[in-house]
Amino acid sequence: MEQEKEKKGRTAPANAKFKITVEDKVAYLKPINRATFEFALNLASPPNPQLVKAGEAILKNCIIEEASDPEMIKDDQYLLPACLKAFELIDLKAAELEKL
């Protein structure tokens, strides 16, 4: 019971920008860097998009391990939904091309 309170009341580390929760497990993530972003985007691109692998690349490269529950990257029942959620970090701004 005491351990449950500690988990619910814990605060995010200073360098965390995102938090993924699956049931009672938590993963804190730092911002995605360009290399990870490019790698994940490449994995998710057609003709054979691999969204889980792309999300896993983001999760494993951005997780703050010392503040997160280890099950989030070691146990498939937490890893798979966390990967799909981590993939949502790929957020491209709209760009316009105009011929002059």
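Predicted model: local features only at pLDDT ≥ 70, side-chain atom pairs only at ≥ 80, totals over all residues.

User: Is Glu 23 buried or exposed?

Analyst: Buried means under 20% relative accessible area, exposed over 50%, and partly exposed in between (1.4 Å probe, protein chains only). Glu 23 has 65% relative accessibility, so this residue counts as exposed. Glu 23 sits in the loop between strand E1 (18–22) and strand E2 (25–29); helices (H or I, at least four residues) and strands (E, at least two) are DSSP runs, numbered from the N terminus.

User: Which residues touch the most other members of the largest nonpolar core?

Analyst: A nonpolar core is a set of buried Ala, Val, Leu, Ile, Met, Phe, Trp, Tyr and Cys residues joined through side-chain atoms within 4.5 Å. Here the largest one has 23 residues, and those touching the most other members are Ile 20, Val 22, Leu 29, Ile 58, Leu 59, Met 72 and Ala 82. Two or more residues come from each of E1, E2, helix H2 (34–44), H3, helix H4 (71–74) and H5. Another core, of five residues, lies apart from it and includes Val 26, Tyr 28, Ile 64 and Ala 67.

User: What does Ser 68 touch, leaving out residues up to four places away in sequence?

Analyst: Contact means heavy atoms within 4.5 Å. On that basis, Ser 68 touches Val 26, Ala 27, Tyr 28 and Ile 63, not counting residues up to four places away in sequence. Ser 68 lies in the loop between H3 and H4, and it is buried because its relative accessible area is 9%.

User: Where is Phe 87 found?

Analyst: Phe 87 belongs to helix H5. Beyond its neighbours within four places in sequence, Phe 87 contacts Ala 44, Leu 51, Ala 54, Gly 55 and Ile 58.

User: Which helices each supply at least two residues of the nonpolar patch?

Analyst: Those are helix H3 (51–62) and helix H5 (76–87).

Definitions and conventions
Residues numbered from 1 in each chain as written. Heavy atoms only, no water.
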